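Welcome, and thanks for taking a look at this one. Please open the structure alongside the notes below, which go topic by topic.

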Amino acid sequence: MKNLIKNNQKVYMIPKDIQGGLSSAINKIVGSTIEMDIKKDDMKYYSLGDVVEMFTVIDDGILYFKPRVVEIDKGQNTIKVEFDKTKYDQLQRREYTRIDFKNEFTLKSEDKSFVCTCIDLSAGGMKFETEADLKCSQDYEIEFSLESKIPIECFFKPIRIDKKKGRSKVKKNIVSGRFIALKNIDKIAIVQFCFKKQMENKNK
């Protein structure tokens, strides 16, 4: 089986009760144990026995698994986490989870700004409603936020544009497309957010 994680690979982890991702890098992998460097200020977020969420960007998606903290070295600012070897062997490249997400955000087109309404969201892109006349041949600067209210900025590439049906006098378009130049840490935040919302909907 082709290894999907390797030494020096950058990973993002979400410790218990923390909203957002902490970046780290893999020092070495021995069997089912991963040793990682941790920033000194982030060491306080890790405790022995805690299960953490771990994400890493791979060629065509994001790898996600949940190892357990088994060793903490505060002198070296490192931690070791252990994952189930059987589950590791079954890890696959996950398709981005898409969720319904109603939220207003800003799109810039040349010297104009438009308030758009998101319809659904994934780490790969979004669908939204807008009065702006967009072109599939052009990229647009957008800024939006999740529940944390921390702004995410990137560019958006329209792939499909449809006229919204209805009797409203205001003409609106339904636009679907993908993100461009989205930072990995923001992509991880969206993946985590979508997973969370998906689980909440299943438990309703």
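## Phe179 and its surroundings

Leaving aside residues up to four places away in sequence, Phe179 touches Leu121, Ser122, Ala123, Gly124, Gly125, Met126, Ile142, Phe144, Cys154, Phe155, Phe156 and Ile190. Please keep in mind that this is a predicted model. Several of these neighbours come back in the points that follow.

**The nonpolar cores**

- The largest nonpolar core holds 30 residues, and those touching the most other members are Leu121, Met126, Phe144, Phe179 and Ile190.
- At least two residues of this core come from each of the strands β8 (99-109), β9 (112-121), β10 (125-130), β11 (140-145), β12 (151-163) and β13 (173-180), and from the helix α2 (184-202).
- Helix α2 provides the largest share of this core, namely six residues.
- There is also a second, separate core, made of 16 residues, with Ile5, Val11, Met43 and Val69 among them.

**Aromatic pairs**

- How many aromatic pairs does a search of the whole structure find? The count is four.
- One of them joins Phe101 and Phe193 edge-to-face, with 5.2 Å from centre to centre and 75° between the planes.
- Phe101 belongs to strand β8 and Phe193 to helix α2, so this pair ties together parts that lie 92 residues apart in sequence.
- Since Phe144 sits in strand β11 and Phe179 in strand β13, their pair ties together parts 35 residues apart in sequence.
- Phe144 and Phe179 are both buried.
- Elsewhere, Phe105, Phe128 and Phe156 are linked into a cluster by ring pairs.

**The loop between β9 and β10**

- Ser122, one of the residues that Phe179 touches, is located in the loop between β9 and β10.
- A polar atom of the Ser122 side chain lies 3.1 Å from the backbone nitrogen of Gly124, and Gly124 is itself among the contacts of Phe179.

**The loop between β13 and α2**

- Ala181 lies in the loop that runs between β13 and α2.
- Why does Ala181 count as exposed? Its relative accessibility is 57%, and the cut-off for exposed is over 50%.
- Even so, Ala181 touches Glu153, Cys154 and Phe155, again without counting residues up to four places away in sequence.
- The C-alpha atoms of Ala181 and Phe156 are 8.6 Å apart in space, while the two residues are 25 apart in sequence.

**Positive phi angles**

- Most residues other than glycine have a negative phi.
- Ala181 is not a glycine, yet its phi is positive, at about 60°.
- Asn77, also a residue other than glycine, has a positive phi near 55°.
- Where is Asn77 found? Asn77 is in the loop between β6 (68-73) and β7 (78-82).

Terms used:
Residues are numbered from 1 along each chain as its sequence is written. This is a predicted model: local features need pLDDT of at least 70, side-chain atom pairs count only at pLDDT 80 or more; totals for chains, interfaces and linings use all residues. Side-chain values use heavy atoms; hydrogens and water are left out. A nonpolar core is a set of buried Ala, Val, Leu, Ile, Met, Phe, Trp, Tyr and Cys residues joined through side-chain atoms within 4.5 Å. Buried means under 20% relative accessible area, exposed over 50%, partly exposed in between (1.4 Å probe, protein chains only). Helices (H or I, at least four residues) and strands (E, at least two) are DSSP runs, numbered from the N terminus. Contact means heavy atoms within 4.5 Å. Rings of Phe, Tyr and Trp (its six-membered ring) pair if their centres lie within 6.5 Å; planes under 30 degrees apart count as stacked, over 60 as edge-to-face and the rest as tilted. A polar contact is a pair of N or O atoms within 3.5 Å; within protein, one must be able to donate a hydrogen and the other to accept it, and residues adjacent in sequence count only if both atoms are side-chain atoms.
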